[in-house]
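Please consult the sequence and the three-dimensional view alongside the text.

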Amino acid sequence: YLYRGYFERVFAVKKELLRVLEQQFNIGWYVRGLCVSSRANMYLGHWKEAIDDAKKALKAAEESSENSYVVFAIWTLSMAYTWRGDPSKGIEYGERALQNAVTPADKAWAQRGLGWALCRVGDANRGIDLLTSALKNFQTGHHMAGVIPTTCTLGEGYWLAGEENKATQKLEKGLEMAEHCEARYYVGFSQRLLGEIALKNNPAQAALRFDKSITVLKKIKAENELAHAYVGISKLYKQQNKIAQTREYLIMALEIFEQLGTLLEPDKVKEILVKLPICKKGTRHLQA
């Protein structure tokens, strides 16, 4: 349900799981259940709920002294903060997870969270190295729940590092696997980034990529990633000097980011908006 984008079903299963665990508690299922719920909230952009679920999982894991569950919960917190737009906290928890990691699986989860956060703060070389190591571990275990997201985030890491050929290769591979497994969030994620890459040399391809990304992200209500896709397509309209459409999509993105409480992105969007030419009568505009 998580990977296919049926998030309401994730929360329904979580509720039933917690009811069953009241009768016969199991720390492993408790921690993993809350972490899955946390990640569903991340995909939806529900930051408070995502962080609360991960913190509950971490508290229980620490009380049980089960190290692998501790690492899994810390990694989940790392991802929640990075998704929210607070990669410095993502790095803090990612480093902590890596310090506590013992098993290959522990290390892979920790490397995935820390590597992605590092890419988003500009330390792409270290981030890419960690994501590459994590991906190898997931591939060795044929763990598709790790392979698909890590391939896609590694693609983003290469894109942020300016290595567009490698980024395209990873994102197309991630997209292929995501479509095969019906992992809809990562279909939208990779299509959006492939659209960003195509903006430079193939605007028609970029338009198709953004359209596909927006369609799937709307369907699964992945609001935060949808807002990123709106920003992406606004760049296409700006290239075409379609200022009204550029503004429309930027304002829609800004409204989503502000409603969700996403960090960093609202200021980035506002900065773009104030530099646009004054919109013509009849179009929406950013209120002071």
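Buried residues account for 52% of the 288 residues in the protein, where buried denotes a relative accessible area under 20%, exposed one over 50%, and partly exposed a value in between (1.4 Å probe, protein chains only). The model is predicted: local features need pLDDT of at least 70, side-chain atom pairs count only at pLDDT 80 or more, and totals for chains, interfaces and linings use all residues. Residues are numbered from 1 along each chain as its sequence is written, and side-chain values use heavy atoms, with hydrogens and water left out.

## Overall architecture

The secondary structure of the protein consists of 14 helices and zero strands; helices (H or I, at least four residues) and strands (E, at least two) are DSSP runs, numbered from the N terminus. The radius of gyration of the protein is 19 Å, which agrees with the value near 19 Å that a compact globule of 288 residues would have. That radius is taken over C-alpha atoms, and the globule rule is 2.2 Å times the number of residues to the power 0.38. Along the principal axes, the C-alpha atoms fill a box of roughly 65 × 35 × 35 Å.

Of the contacts between residues at least 6 apart in sequence, 59% join residues at least 24 apart; a contact means heavy atoms within 4.5 Å.

## Surface and charge

The protein exposes about 13800 Å², and carbon and sulfur atoms supply 51% of that area. Accessible areas come from the Shrake-Rupley method with a 1.4 Å probe, and for residues only the protein chains shown count as cover.

There are 40 positive and 32 negative side chains, and the centres of the two sets lie 4 Å apart. Lys and Arg count as positive and Asp and Glu as negative, while His and the chain ends are not counted. Each charge is placed at NZ of Lys, CZ of Arg, CG of Asp or CD of Glu.

## Aromatic pairs

Rings of Phe, Tyr and Trp (its six-membered ring) pair if their centres lie within 6.5 Å; planes under 30 degrees apart count as stacked, over 60 as edge-to-face and the rest as tilted. By this rule the protein has 18 aromatic pairs. One of them joins W83 and W116 in an edge-to-face arrangement, with 4.8 Å centre to centre and 70° between the planes. W83 belongs to helix α4 (residues 67-84) and W116 to helix α6 (residues 104-120), so the pair ties together parts that are 33 residues apart in sequence. W83 is buried at 4% relative accessibility, and W116 is buried at 0%. Both tryptophans belong to an aromatic cluster that also contains F7, Y43, Y185, Y186 and F189.

T82 is also found in helix α4 and is buried, with a relative accessible area of 1%. Leaving aside residues up to four places away in sequence, T82 touches P87, G90, W116, A117 and R120.

## Further buried positions

| Residue | Helix | Relative accessible area |
|---|---|---|
| Q191 | α10 (residues 184-198) | 3% |
| Y230 | α12 (residues 223-239) | 6% |
| G155 | α8 (residues 144-160) | 0% |

The contacts that follow again leave out residues up to four places away in sequence. Q191 touches L175, E179, R209, K212 and S213. Y230 touches I214, K218, Y249, M252, A253 and I256. G155 touches A167, K170 and L171.

Two separations place these residues within the fold. The C-alpha atoms of G155 and E265, 110 residues apart along the chain, are separated by 20 Å.

## Positive phi in loops

Which residues other than glycine have a positive phi? S65 has a phi near 60° and is found in the loop between α3 (47-64) and α4. S65 is exposed, with a relative accessible area of 63%. L264 has a phi of about 70° and is found in the loop between α13 (243-260) and α14 (265-274). L264 counts as partly exposed, at 47% relative accessibility.
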